[in-house]
Amino acid sequence: MADIRAKYPEYSTTAKLDQLRATQYSFLDEQHHVYLDYTGAGLAARIQREAHKVRLDKATYGNPHSENPTSRCATEAVALARKRVLSYLNASEEEYQVIFTPNATGAAKLVGESYPFNQHSKLVLTCDNHNSLNGLREFARRRGARTVYVPMDREDLRIRTTDVNKSLRRSKRWQLGQCARKHRGLFVFPAQSNFTGVRHPLSWIELARDLGYDVLLDAAAYLPTSQLDLSKVHPDFVMISWYKVFGFPTGVGCLVARREALRRLERPYFAGGTVQAATVGIPWHTLMPDEGAFEDGTPNYLFIPDVHFGLDWMSAVGVGLIATRVRCLTGWLIDRLLALRHSNGQPMVTLYGPTDTESRGGTVAFNFLDADGKIVDERLVAAEASAARISLRTGCFCNPGVGEAAFGIEKLVLKKLSRTKADNYDDFIQIVNLPSGGAIRVSFGIASTERDVNYFIAFATELYKDRVCNTKGLAPRLSC
């Protein structure tokens, strides 16, 4: 078997992560797991869980909406976590503030429901977006704003800057030469695709802002293996799920927002914790200042401090070290997948997205092909991978735009959906004549090793080489 170091010699510089795998993440080998779903969720180190227990043993925390001792303890811990988030992102407290949310989706929803869309504004989305962002078009539609999608190149599933520029500029105002710097709408894109691992240029942020747009950046898939420096790029809003970055805690995300942009949002709702005062006799209320106006109810004060520890842990390990290992493993997996052949010489894999490691993260999407050249049903792969103790992801990963491009689904085909009733996802697949219900996604992170890749390739070779597969006995699909 070939050695990863022959093609990726820098893999040897990441030996520290092997030590962490053997200690902080030893539960993987003890439980015989091969974990290949870091884009779905990060893994928590033993030290993170231990720190949570120690902290709760040493202090008593209460609802922070008060001035008693336990309340002050919680308030101070949450405030320290806010400061640590800004420090980690190299963000100025004068420019940015942190709003804790349940997850990245909650952060996106806060922006969407509060953004001042109107009939003169636009929502510009890339075709490569998670459904948590595609859903913003419903807020835009209800306020009369137009939604525009930036198209995608079907060859490498990247998006060209020229197409971003065209989509941002395309309006009557631009045609008339009236391109004043008024706020023209919201531009939304992921720093890294959760489907293909493609990293989109962060230069789009300033491009859009110079054209009068606010920018919402999805950093959920990007931050686990890369540093985001908000002193160099200045998105108006950044959405984050911390469990994707370092595994623990779940149920805590962030909206990191520029103070100026946050003042433009118009909340359609108020709740306990978000108002300084409200009356019932007349419909009047006044919101809390700054982030307090956006954190509905009681914040997750027992777990938000774990974000502070998680960021300390990532800093101690070194995001650059993790990035090097993930890049090597990604290239190594792609090389070996593309080299897989049936005995008749036909490829065993079709890959979606770039075939190199340039401007991409550690997420690889593909399908297996059987000996007849047909796509192996993703449900079969999911079941057989699970039996082999492999955790990976199958489906369209809540990113229909990339799925449509990868499988070559045209708009005319999609229009059948408006004429034909689809009661479930299997009906949808039949209507649009999809060859499969989605792809296979393998992704790497802090505890990934060469052995994980070797195990997966051995699994793929043993189960799918020279095999003709069918869908007999597979359960119906519930969703993509």
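Let's start at Ser 193, and ask what it touches once we set aside residues up to four places away in sequence. The list is Asp 128, Val 198, Ala 221, Asn 399 and Val 402. Keep in mind that this is a predicted model. Ser 193 sits in the loop between β5 and α11. Is Ser 193 buried or exposed? Its relative accessibility is 0%, so Ser 193 counts as buried. Its side chain also reaches the backbone nitrogen of Thr 196, at 3.1 Å.

Now let's follow the chain to helix α11 itself, residues 203-210. Which of its residues are buried? They are Trp 204, Ile 205, Leu 207, Ala 208 and Arg 209. And what covers them? The cover includes the strands β3 (122-126), β5 (185-190), β6 (213-218) and β8 (253-258), together with helix α9 (161-169). After α11 comes Gly 212, and its phi is positive, near 95°.

How many salt bridges does a search of the whole structure find? The answer is 35.

Arg 441 pairs with Asp 37, and their closest N and O atoms are 3.3 Å apart. Arg 441 is in strand β15, while Asp 37 is in the loop between β1 (34-35) and α4 (46-58). That is a link between distant parts of the chain, 404 residues apart. Both Arg 441 and Asp 37 are buried.

For the second example, please find Glu 113 and Arg 267. Their closest N and O atoms are 3.1 Å apart, and the two form a salt bridge. Glu 113 lies in helix α6 (residues 104-114) and Arg 267 in the loop between α13 (259-262) and β9 (275-279), so this pair ties together parts that are 154 residues apart in sequence. Glu 113 is buried, and Arg 267 is buried too.

Glu 138 and Arg 141 meet through their side chains in a salt bridge, 2.7 Å from N to O. They are three residues apart in helix α8 (residues 136-142), which means about one helical turn separates them. An α-helix has 3.6 residues a turn, so residues three or four places apart point the same way.

Let's zoom out to the domains. The domain assignment gives domain 1 as 4-43 + 318-397 + 438-464, and domain 2 as 63-316. Notice that domain 1 is written as several stretches of the chain. Where the two domains meet, 31 residues come from domain 1 and 24 residues from domain 2. Their C-alpha centres lie 30 Å apart.

How much area is buried between domain 1 and domain 2? It is about 2,000 Å², and carbon and sulfur atoms give 55% of that. On the domain 1 side, Val 319, Pro 354 and Phe 397 supply 22% of the area buried against domain 2, more than any other three residues.

What about charge pairs across this interface? The count of salt bridges between domain 1 and domain 2 is zero. Polar contacts do turn up there, with 14 residue pairs found. On the domain 1 side, α2 (15-23), α15 (319-339), β12 (363-368) and β15 (439-443) each supply at least two residues. Helix α15 gives the most, with four residues. By type, the domain 1 side divides into 16 nonpolar, ten polar and five charged residues.

One last stop: Leu 369, in the loop between β12 and α16 (378-387). At 12% relative accessibility, Leu 369 counts as buried. Leaving out residues up to four places away in sequence, Leu 369 touches His 342, Pro 347, Met 348, Val 349, Thr 350, Lys 374, Ile 375 and Val 376.

Technical notes
Residues are numbered from 1 along each chain as its sequence is written. This is a predicted model: local features need pLDDT of at least 70, side-chain atom pairs count only at pLDDT 80 or more; totals for chains, interfaces and linings use all residues. Side-chain values use heavy atoms; hydrogens and water are left out. Domain bounds come from an automatic or database domain assignment. Contact means heavy atoms within 4.5 Å. Buried area is the accessible area (1.4 Å probe) that two parts lose on being put together, summed over both. A salt bridge is a side-chain nitrogen of Lys or Arg within 4 Å of a carboxyl oxygen of Asp or Glu. A polar contact is a pair of N or O atoms within 3.5 Å; within protein, one must be able to donate a hydrogen and the other to accept it, and residues adjacent in sequence count only if both atoms are side-chain atoms. Ala, Val, Leu, Ile, Met, Phe, Trp, Tyr, Cys and Pro count as nonpolar, Asp, Glu, Lys and Arg as charged, and the others, Gly among them, as polar. Buried means under 20% relative accessible area, exposed over 50%, partly exposed in between (1.4 Å probe, protein chains only).
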